[in-house]
Amino acid sequence: MVGIVLVSHSARVAEAVAELARELAAGGPVAPLAAAGGTAVGGLGTSAERILTAAREVDRGAGVALLADLGSSVLTVKALLMEDELPPGSLLLDAPFVEGAVAAVVTASTGAPLAAVAASAADAYTYRKV
Amino acid sequence: MRDAEFFRRWMVAAAAAVEREADRLTELDSPIGDADHGSNLLRGFTAVIAALETEPTAATPGAVLQLSGRTLIGTVGGASGPLYGTLLRRTGKALGESAEVSDAELREALSQGVAAVAQLGGAAPGDKTMLDALVPGVAALGTSYRAAGNASQDGALATVPMRARKGRASYLGERSIGHQDPGATSSALLLGTLADVAEPAGAR
């Protein structure tokens, strides 16, 4: 299964969104999912180390989809991708954080390939609320 | 020609400048950012100096800059980490494995580094970002290192009337106008310290 990493400025946001997505995907096997929130010392911000650890943890060889919230979360994932430090087949999803996480985890849990996970997360942008 | 020692001196000078200016950078980051630019960069450059001390294996200009960039990405915690990290890493990569590089090679490598920053952040000059100091600074390298330092300084000052179009400041819209961009300011520091080590006063 494709692994999913949720990168937020806040550890609590990353963990809570992971919990939400995991619950909504439940009913069968759930895709490997890890939260990488906040800095290494527990503050608000982004930790490259946490992202790398999380990505290795969820990598099953089918690719790792990373979803980030804002600013440094997005830029750090992009910088790590530019450096080839993330596992092979890692991809930054272009999607809203909460909705994209749910879509990605549900899709990955069906055993879908990385491209399908990415498409499903990106599709969350088209869901208008008003 | 510039050797690894020159680039180590640059990083040491940059760290000292960041330490000296950390409070001012954070002050600039208070009205339009999240008031952590100085402390974030200080943490990053302190880690860079520690990394350069513990890894004497970084024996080429390219290796010094790549190690410095990697360290910034790993330790800063804010957007300046991946941005400055990518600038130094990509510049280091472009310098290759030569033991010494010419000023022309450094100029070309820095422009590749700046292009990578633009690509990473999706910003262009005029968006009130570090690129407003880096782009004119690197362009002026063709004249001299001091000219580059001065041009980046002018570029940072020129961000005052701009409206931010990237990063957290962009959410403020009109209210971002009238404040000097902290990222452009730290970029001017970085190019200013390059001028200091390349053309020390009295040794021109």
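Predicted model: local features only at pLDDT ≥ 70, side-chain atom pairs only at ≥ 80, totals over all residues.
A residue is called buried here when its relative accessible area is under 20%, exposed when it is over 50%, and partly exposed in between (1.4 Å probe, protein chains only). Residues are numbered from 1 along each chain as its sequence is written, chains are lettered from A and ligands numbered from 1 in the order in which they are written, and side-chain values use heavy atoms, leaving out hydrogens and water.

To start with the interface, 17 residues of chain B touch 14 residues of chain A, contact being heavy atoms within 4.5 Å. About 1200 Å² is buried between the two chains, 63% of it on carbon and sulfur atoms; buried area is the accessible area (1.4 Å probe) that two parts lose on being put together, summed over both. Ile73(B), Gly77(B) and Leu120(B) account for 42% of what chain B buries against chain A, more than any other three residues.

The partners are Arg89(B) and Glu83(A), 3.4 Å apart from N to O. Glu83(A) sits in the loop between helix H3 (71-82) and strand E4 (90-92) of chain A, and Arg89(B) in helix H4 of chain B, so the pair joins two chains. Helices (H or I, at least four residues) and strands (E, at least two) are DSSP runs, numbered from the N terminus. Both ends are tucked away: Glu83(A) is buried at 9% relative accessibility, and Arg89(B) is buried at 10%.

Over all chains, the whole structure has 8 salt bridges. In one of them, Arg20(B) meets Glu21(B) at 3.8 Å, N to O. Here Arg20(B) is exposed at 60% relative accessibility, whereas Glu21(B) is buried at 18%. Another links Arg165(B) to Asp127(B) at 2.8 Å, N to O. This pair ties together distant parts of the chain, 38 residues apart: Arg165(B) is in the loop between helix H7 (145-157) and helix H8 (182-198) of chain B, and Asp127(B) in the loop between H5 and helix H6 (131-140). Arg165(B) is exposed at 52%, while Asp127(B) is buried at 8%. Finally, salt bridges with shared partners join Arg20(B), Glu21(B) and Arg24(B) into one network.

Methods:
Salt bridge = Lys/Arg side-chain N within 4 Å of Asp/Glu carboxyl O.
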